[in-house]
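Take a look at the model below. We will walk through a few of its side chains and then turn to a pair of helices.

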Amino acid sequence: MINSEDFTNRLKKLMEHHQLSASTFADKVGVQRSSISHILSGRNKPSLDFILKVTSEFKDVDIHWLLKGKGVFPKVAVSKENTTSSTPSLFNGNSENVGKKIQRIVVFYSDGTFDEYQK
């Protein structure tokens, strides 16, 4: 179970970091403005759908940090330049797997972060 007050403080920190009002934040995440108001006031607890929308829209938010305060905010993002320079040569195909090609590789780390490599 998440602590609603701590969660609200982390949500406020996220909005301050991105310099967003509650209504702008709601629009950006794709939820009703009243939903944000109710969560910030402690009236309602955030739904899983809300949490996923936040972490999908804001790539610098780690879900573990948002829910439990574990980890850091903003999380360190991997730039596109770094991923393309370190992309393994697995995407080039391989003669023994004719017709099969790797499209994407995702590496998950124990701190909740991940790196994604795409062709």
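Is tryptophan 65 buried or exposed? This is a predicted model, and in it tryptophan 65 has a relative accessible area of 6%. Buried means under 20%, so tryptophan 65 is buried. Phenylalanine 73 has a relative accessibility of 11%, so it counts as buried too.

Now turn to the aromatic rings. A pair of aromatic rings is described by the distance of the centres and the angle of the planes. A search of the whole structure finds three aromatic pairs. One of them joins phenylalanine 25 and phenylalanine 58. Their centres are 5.5 Å apart, with 15° between the planes. Planes under 30 degrees apart count as stacked, so this pair is stacked.

Next, follow helix 2 to its neighbour. Helix 2 packs with helix 3 (residues 33-41) at an angle of about 120°, and the axes are 8 Å apart. That angle makes helix 2 oblique to helix 3. Their crossing is right-handed. Helix 2 brings Ala22, Ser23, Phe25, Ala26 and Asp27 to the contact, and helix 3 brings Arg33, Ile36 and Leu40. By class, the contact has five nonpolar, one polar and two charged residues.

Methods. Residues numbered from 1 in each chain as written. Predicted model: local features only at pLDDT ≥ 70, side-chain atom pairs only at ≥ 80, totals over all residues. Heavy atoms only, no water. Phe/Tyr/Trp six-rings, centres within 6.5 Å; stacked < 30°, edge-to-face > 60°. Buried < 20%, exposed > 50% of the residue type's maximum accessible area, 1.4 Å probe, protein only. Axes fitted to C-alpha atoms, helices over the stretch in contact; angles between N-to-C directions. Helix = DSSP H or I, 4+ residues; strand = E, 2+ residues; numbered from the N terminus. Parallel < 35°, antiparallel > 145°, perpendicular 65-115°, else oblique. Left-handed = near helix turned anticlockwise from the far one by under 90°. Contact = heavy atoms within 4.5 Å. Nonpolar A, V, L, I, M, F, W, Y, C, P; charged D, E, K, R; others polar.
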